[in-house]
Amino acid sequence: MTDDTAKDAQAPAPDGPNLDNPYAHIAETEFKSRTSARRDLVDRIVNDPRMHDHKEGFESCIQCGICTSGCPAARFTDYVPREVARRALEGDPTLLEDDSVWFCFYCYTCQSRCPRKNSVAVINQVVRSMQVESGYGIKHVEMFAAWGEQFYDKGMGGTPHVFFSAIAEAWGPKWKEFIANRDAMREEMGLGGMFPAEEAVKEVQTIMEETGFFDRVKSVGGWKDHEPAKRE
Ligand code: SF4
Ligand code: SF4
């Protein structure tokens, strides 16, 4: 082989594959051939800050299925983490209307066991966010809006009143008695009030408003009955 021939063999062809890494070219061609909706989904996942340690793993998933084999949610439901990893990499838009991703409860077993350092747990977080943004996933989070309301109204979490009747039914009269006497018991033990002082509540409200959390809670069904005025 002459010097020139050797150089030609190593140089990328103008429109052809990079001979140093033909697989990279195939992957790039495959990516470009995707519809923009598919590329948007892949871009959104790989560019999410939570994926920064998992980008390479996301792109090099080998479909080994270890994530599925250790996933508690997959054991009891029709949810399949390995499939989520594949469909996310393909930019499969059906993920954006797939209710099974809500079975994941972020135990991170998949992430800790993945031989490629991919994270189906984080992929799910991004996909769920997209489902909520489109409105499709609101049905999965609206029940939690009451917690957001309580953070805003009281400055701390806890069990919102909307759940009290269900808890009372499940836990019986002793719980009702405890709630009825809770303040007196706290006073007797010198514990003070249940909720933060008014100034602290105002700070929490400011944080929720400035960070967009207030609007987020509203967008998923918060304050349907008693919308509070946003503080100025
Ligand atoms: S364990 Fe990792 S490499 Fe294996 S299928 Fe799951 S995401 Fe892909
Ligand atoms: S984080 Fe989700 S997908 Fe991963 S193992 Fe736990 S439940 Fe399964």
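Ala, Val, Leu, Ile, Met, Phe, Trp, Tyr, Cys and Pro count here as nonpolar, Asp, Glu, Lys and Arg as charged, and the others, Gly among them, as polar. This is a predicted model, in which local features need pLDDT of at least 70 and side-chain atom pairs count only at pLDDT 80 or more, while totals for chains, interfaces and linings use all residues. Residues are numbered from 1 along each chain as its sequence is written, and chains are lettered from A and ligands numbered from 1 in the order in which they are written.

**Stop 1: ligand 2.** Select ligand 2 and the 14 residues that surround it (a residue is near a molecule if its C-beta atom, placed from the backbone, lies within 6 Å of it). The closest are Cys71, Cys104, Cys107, Cys110 and Ala121. Helix 6 (72–76), helix 8 (109–113) and helix 9 (120–134) each give two or more residues to this shell (helices are DSSP runs of H or I, at least four residues, numbered from the N terminus). By class, the shell holds 12 nonpolar, 2 polar and no charged residues.

**Stop 2: ligand 1.** Ligand 1 also has 14 residues around it, and Cys61, Cys64, Cys67, Cys114 and Asn118 come nearest. Helix 5 (66–69) and helix 7 give two or more residues to the shell. Its classes are 9 nonpolar, 3 polar and 2 charged.

**Stop 3: the largest core.** A nonpolar core is a set of buried Ala, Val, Leu, Ile, Met, Phe, Trp, Tyr and Cys residues joined through C-beta atoms within 7 Å. Buried means that 20 or more other C-beta atoms lie within 10 Å of the residue's own; exposed means 12 or fewer, and partly exposed is in between, with C-beta atoms placed from the backbone. The largest core has 22 residues, and Val120 is one of those with the most contacts inside it. Helix 9 gives the most to this core, with 5 residues. Now select Val120: leaving out residues up to four places away in sequence, Val120 touches Cys67, Pro81, Val84, Ala85 and Cys110 (contact means C-beta atoms, placed from the backbone, within 7 Å).

**Stop 4: Glu133.** Stay in helix 9, where Glu133 is found. Glu133 counts as exposed because it has 12 C-beta neighbours inside 10 Å. The C-alpha atom of Ser219, 86 residues apart along the chain, is 8.9 Å from that of Glu133.

**Stop 5: helix 11.** Select residues 145–154, where Ala145, Gly148, Glu149, Phe151 and Tyr152 are buried. Look down the axis: the buried residues fall within an arc of 160 degrees, so they line one face of the helix (the arc is that of the directions from the helix axis to the C-beta atoms). They pack against helix 14 (198–210) and helix 15 (213–219). Gly155 follows helix 11, with a positive phi near 85 degrees.

Terms used: Contact = placed C-beta atoms within 7 Å.
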